[in-house]
Amino acid sequence: MFGLRDAMFRGERINTTEDRAVLHTALRAPRDAVIEVDGENVVPAVHAVLDRMADFAGRVRSGEWTGHTGKRIRTVVNIGIGGSDLGPAMAYEALRAYTDRSLAFRFVSNVDGADLHEATRDLDPAETLFIVASKTFTTIETITNATSARSWLLDALGDEKAVARHFVALSTNAGKVTDFGIDTANMFEFWDWVGGRYSFDSAIGLSLMIAIGPDRFREMLDGFRIVDEHFVNAPADANAPLLMGLLGVWYNNFLGAQSHAVLPYSHYLSKFTAYLQQLDMESNGKSVDREGRPATWQTGPVVWGTPGTNGQHAYYQLIHQGTKLIPADLIGFARPVAGLSGGLAAQHDLLMANLFAQGQALAFGRTAEEVRAEGVPEEQVPHRTFRGNHPTTTILATELTPRCSAS
Ligand SMILES: O=P(O)(O)OC[C@H]1O[C@](O)(CO)[C@@H](O)[C@@H]1O
């Protein structure tokens, strides 16, 4: 495992089926780092794109970048799917408290025309910027939605030249971007060594950078880097990514768990589990090993969950009292986000009390004796008993900030 980890950080082609490096970690490397792919240091190119993104994001945020008619951009619509949607959409929600509230952001992914319709029906085309996010620029959903968005814009503005002010592309494929009709001057590139599901701190994060600003975006990259360095340097028995991975192997293969619940006690993390589903299930959705031989072990669980406390009133019953073993991660923050005040900030204590109570109940359950001691009639005792001993991990941070969100 450590050998593969180190090969990954060195930029070796550990993705053997696509013969590629797996180097999303280079996206958050400091300016003076040297990370080579095929003998070329990729860090200067990473920072050149980050600088271009920062310049563009700054101009949209300040109003200097206007639409074709000279109106200020008011809404940014990201069109993408999979990693080109889930990452920026999740991070935008997570960091909403840090976003420029004078701008609106929408994320369109589904090829169902209703998605684009609902995202644009109340918008003024002259004030709308579309970001077409696609690593390959061949994905049918994204190209279809981008084509429809261009028609929507041109129907209103009636001039092909408007496309240059209202469309930018995020991609590795300059040829396809040009074929689509977006000038490569309006393209922010990334590279084939960035896997789609790991891409939101590449150019794919442009919508997020416009929302939170370049400085906050860089703080987020710092958070990623802290975890990268921890993963490389921490000893095995204190290495959080390693331990969490091993716990997954343990639950799945030795305790027979079929799924893994991720339960954030933060409304801002409402899209976190959906993002993790791609990260984990697209990565581990395999039934052969690296050499193509049938796997004789469980490769990955079904990842699922929604924010607490909503789930408590829906499916927690099955976690506590059902017949299945469902390991769970409970995620919470000591402080509410800065934007909350008064009674709404005070509700944070109630939220966190729920998290701690759930962790306790899942671990220790409620024995028949405890239930009887509460005066529950004997015939009700089996129905009120919780067996406990459900594996959980409680992940606590001080506050949901850009740096912390990446960790
Ligand atoms: O960014 P693209 O090339 O449009 O791909 C979108 C998504 O499709 C996939 O390739 C798989 O369907 C994902 O890995 C990727 O995130």
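The model is predicted: local features need pLDDT of at least 70, side-chain atom pairs count only at pLDDT 80 or more, and totals for chains, interfaces and linings use all residues. Residues are numbered from 1 along each chain as its sequence is written, and side-chain values use heavy atoms, with hydrogens and water left out.

Q: Why is L330 called buried?
A: Buried means under 20% relative accessible area, exposed means over 50%, and partly exposed lies in between (1.4 Å probe, protein chains only). L330 has 0% relative accessibility, so L330 counts as buried.

Q: Where does L330 lie?
A: L330 is in strand β10, residues 328-333. Strands are DSSP runs of E with at least two residues, helices are runs of H or I with at least four, and both are numbered from the N terminus.

Q: What makes β10 mostly covered?
A: 6 of its 6 residues are buried. A328, L330 and G332 point one way, D329, I331 and F333 the other way, and all are buried.

Q: How do you know that β10 pairs with β11?
A: Two strands pair if DSSP finds at least two bridges between them. β10 and β11 (residues 392-397) are joined by 6 bridges and run parallel. One of the partners in β11 is T394, facing L330.

Q: Which residues does L330 touch?
A: Contact means heavy atoms within 4.5 Å. Not counting residues up to four places away in sequence, L330 touches L263, Y265, L355, Q358, G359, T393, T394 and I395. L330 and I395 are 65 residues apart in sequence, yet 6.1 Å apart in space, C-alpha to C-alpha.

Q: Which residues carry the "active site" feature?
A: The unreviewed UniProt entry places that feature at E282 and H313. They are up to 29.3 Å apart between C-alpha atoms. UniProt annotations may be inferred rather than shown by experiment.

Q: Why is E282 called partly exposed?
A: E282 has 45% relative accessibility, so E282 counts as partly exposed. E282 is found in helix α11, residues 272-284.

Q: What makes the pairing of E282 with R197 a polar contact?
A: A polar contact is a pair of N or O atoms within 3.5 Å; within protein, one must be able to donate a hydrogen and the other to accept it, and residues adjacent in sequence count only if both atoms are side-chain atoms. The side chains of E282 and R197 make such a contact at 3.4 Å.

Q: Why is H313 called exposed?
A: H313 has a relative accessible area of 72%, so H313 is exposed. H313 lies in the loop between β9 (302-304) and α12 (316-321).
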